[in-house]
Every structure is written in C-alpha cells, then in structure tokens.
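Try each task before you read its solution.

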Amino acid sequence: MREIKRNVYYVGAIHWDRRLFDELIPLPDGTSYNAYLIKGSEKTALIDTVDPAMEDVLIKKLKDVKIDYIIANHAEQDHSGALPRMLEKYPDAMIVTNPKCKTILMDLLHIPDNKFIEVKDGETLSLGDKTLKFIYAPWVHWPETMFTYLREDRILFPCDFLGSHLATSDLFVTDESKVYEAAKRYYAEIMMPFRTTIRKNLEKIKDLEIDIIAPSHGPLYDNPEFILNAYRDWSSEKVKNEVVIPYISMHGSTKIMIDYFVDALIKRGITVKPFNLTETDIGELAMALVDTATVVVGTPTVLTGAHPNVVYAVYLLNALRPKVKFVSIIGSYGWGGKMVEQITEMLTNLKIEILDPVIVKGLPEREDFEALDRLADEIKEKHRGME
Ligand code: FEO
C-alpha cells in the first residue's frame with residue numbers, strides 16, 4: 001500500500017510486461033490497474049479493483065483490511081474483473097455503483113442483484129470523516145462510466161478517463177512529457193470517438209476543487225491542470241497544419257508517389273506524418289490522428305479494391321472519429337479497380353471534404369506528379385490560418 005493522503009492508499013497492480021490490450025491495442029510501456037483504498041472513521045471503501053490476471057496483487061496489498069464498500073466506476077473487466085474474488089474474500093462488502101453499471105456487471109460477471117447499492121448522479125456516501133460523491137460521466141468510454149470524488153481530500157477518481165497506459169514505479173507524474181505521450185496515445189485509442197461527451201464531462205467537473213486526479217491507469221496527477229488542459233485541447237475542434245499519410249506500396253509505384261507528395265507538402269510548410277502500414281504501431285497512427293487537419297490514404301490495388309491493411313487503417317480512421325477535416329487518396333492500379341469508392345464509402349462517421357484523389361495507372365508520369373503538386377497546393381490553401 002502506498003499512501004496518497006492520510007488514510008487514502010494506492011493498492012493497484014502494475015503490469016510491466018503486458019504488450020497488448022483487448023487483443024488489439026499495443027502497450028509499448030505496459031500498463032497499471034489502479035485501485036484505491038479509503039479508510040474513513042466509520043467505513044472503508046475500495047475504489048475499483050484490478051484485472052483478474054493481477055487480482056492476487058490486490059488481495060495481498062489489502063491483507064486483512066475490512067472492506068465495507070467496493071465502488072465500481074466502470075464495468076470493464078480490467079477494473080471489475082477481480083470483483084467476484086473480492087466478494088468471496090469480503091462477503092459483507094457491497095458494490096456501490098450506478099444502475100447501468102450494475103446491470104452490465106451482472107451480465108459480465110454474474111454478480112447477484114443483492115450485492116449492489118445503487119447511487120444516483122450527485123449522490124454522496126459517508127465513510128465517517130470522509131465523503132464520496134458520485135458523478136455520472138457516461139460514454140468515457142462505456143455507457144455506464146462514472147467518477148468518484150473524495151470531498152475532504154479533493155481527489156477525483158475518474159477511472160479510465162484522463163488515464164495512461166504506462167507502467168511506472170512513480171506514484172505521481174514526474175516526467176510530464178513522457179506521460180503526455182502515453183496519455184495522448186490512450187486518449188487516441190480509447191477516448192477519441194467520444195469527443196463530444198468528453199467536453200460535456202470536462203464541463204461537469206470544471207467547478208470541482210481538485211488537488212489530485214487518481215485515474216485507473218498510469219500515474220496520478222498532483223497537477224490536475226496538466227491533464228485537464230491536454231484533454232481540453234485534444235477534444236476541441238482545433239486542428240493542426242498536418243497531413244497524416246497511412247499507406248502501403250506493393251511494387252513501388254505508390255511509394256514513389258508518397259515520397260514525392262511528402263516532399264511537396266514539406267516544401268509548402270506542412271507537417272507530414274507518413275505511416276507505412278506494413279510496420280505501423282496502430283497506436284502511433286491513432287495519436288497522429290488526434291490533431292491532424294488532413295489524412296491522405298496511399299494504396300495500391302488488390303483485386304478490385306484497396307490493400308487490406310489500408311482497409312483496416314481506414315476502418316480505424318472512421319471508428320476513432322478524429323476531428324480531421326479533409327481526406328484524399330493517392331495510389332496506383334494495374335488494370336482497374338474501385339478503391340476510391342471503397343475508401344470514401346467507409347468514412348461515414350466523419351464530417352469531411354474529399355479532395356480530388358490522384359490515382360495512377362502503373363508508374364506515375366509527369367502529369368501525375370503535377371496532380372500531386374495540385375493536391376499539395378489545395379491542402380496548403382485549406383490549411384491557411386492553422387498552426
Ligand atoms: Fe481500463 Fe475501459 O477499462
């Protein structure tokens with residue numbers, strides 16, 4: 001147990017060598033599942049649990065502490081998965097959560113109805129000399145998510161929200177630039193599709209007096225404005241003078257176009273981030289999508305459509321709903337294909353303008369490079385006034 005404030009303890013588990021989350025998201029820096037113990041003068045509460053793979057760590061840290069309440073801010077199993085074991089060890093403990101989270105926990109973990117205390121938005125729970133306030137914060141990133149606020153110590157426990165996949169022995173943030181990158185990656189992968197609700201939830205907590213933010217992944221923030229400002233920026237409508245280029249080239253024609261186009265954009269003062277999808281960490285690509293004004297997809301033709309790796313990247317682009325404003329497609333084909341239609345039809349979630357694609361038969365020729373220059377000119381014009 002590590003003390004955060006008097007009678008408030010970190011009891012989570014650090015998963016140093018986990019490298020994949022949800023069998024999808026790369027974890028280059030591992031992660032942690034943060035749980036917290038709050039000992040009031042009358043009652044003791046545990047805030048969230050840990051991933052089932054690490055439940056022994058939590059149980060060992062808690063030793064023989066008597067737990068009255070287990071607060072469930074979120075039903076996803078990396079925080080709730082140890083609940084069944086906790087209820088075995090602490091048969092008198094009650095799970096405190098909102099009705100939506102309760103039903104999901106009952107479905108996912110088969111926890112019986114009589115183990116729950118339901119709380120309303122804004123309701124408080126006294127532990128004696130400490131008071132917990134529950135703040136509904138749906139859709140960051142599931143429908144049942146909520147925050148818990150420890151009033152006397154001015155600590156906000158927002159679960160996934162504001163967190164980072166970062167295994168570190170530091171209890172609090174010490175290296176802000178490192179945590180900024182990890183938190184941005186986390187935001188991009190997990191939170192970005194919910195930008196509108198993120199803004200609402202930031203607004204909802206704006207008047208709370210917060211000394212510490214204690215998320216359920218990564219280090220705690222004793223400078224809350226650091227992460228709140230980052231979230232305000234990422235979830236805003238502001239985009240940067242950047243072009244992200246996810247691409248594949250099979251026989252080199254598309255690569256020649258990409259190389260030429262990257263140089264054309266650089267010459268025009270535009271920041272360019274190309275991602276060769278044969279080796280891209282999708283978390284890096286997701287991070288680049290957070291602020292970019294434009295995405296240009298580069299693809300050869302496979303059968304009648306885009307390369308499958310490009311289709312995967314475009315699927316992610318649509319699913320993650322970044323605030324990108326402009327999209328175009330460049331690429332090459334041998335004898336025909338419908339990759340432009342295929343890609344544009346996949347982007348139904350985005351409010352974008354499609355800029356004229358540059359699709360070439362075989363190797364690009366002089367007029368194709370001129371078309372790439374025109375596309376670069378158009379992007380420069382569209383980006384006018386952006387940082
Ligand atoms: Fe960290 Fe949505 O679970």
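Angles under 35 degrees count as roughly parallel, over 145 as roughly antiparallel, 65 to 115 as roughly perpendicular and the rest as oblique. This is a predicted model, in which local features need pLDDT of at least 70, side-chain atom pairs count only at pLDDT 80 or more, and totals for chains, interfaces and linings use all residues. Residues are numbered from 1 along each chain as its sequence is written, and side-chain values use heavy atoms, with hydrogens and water left out.

**Exercise 1.** Work out how helix 10 and helix 11 are oriented to each other.

Step 1: Helix 10 (residues 308-320) and helix 11 (residues 339-346) pack at about 25°, and their axes are 9 Å apart.
Step 2: The two helices are therefore roughly parallel.
Step 3: Contact (heavy atoms within 4.5 Å) involves residues including Val-310 and Tyr-315 of helix 10 and Ile-343 of helix 11.

**Exercise 2.** Find out how many residues of helix 9 are buried.

Step 1: Buried means under 20% relative accessible area, exposed over 50%, partly exposed in between (1.4 Å probe, protein chains only).
Step 2: In helix 9 (residues 282-289), 7 of the 8 residues are buried, among them Ile-282 and Leu-285.
Step 3: Their cover includes helix 5 (176-191), strand 19 (292-302) and helix 10.

Terms used:
Axes fitted to C-alpha atoms, helices over the stretch in contact; angles between N-to-C directions. Helix = DSSP H or I, 4+ residues; strand = E, 2+ residues; numbered from the N terminus.
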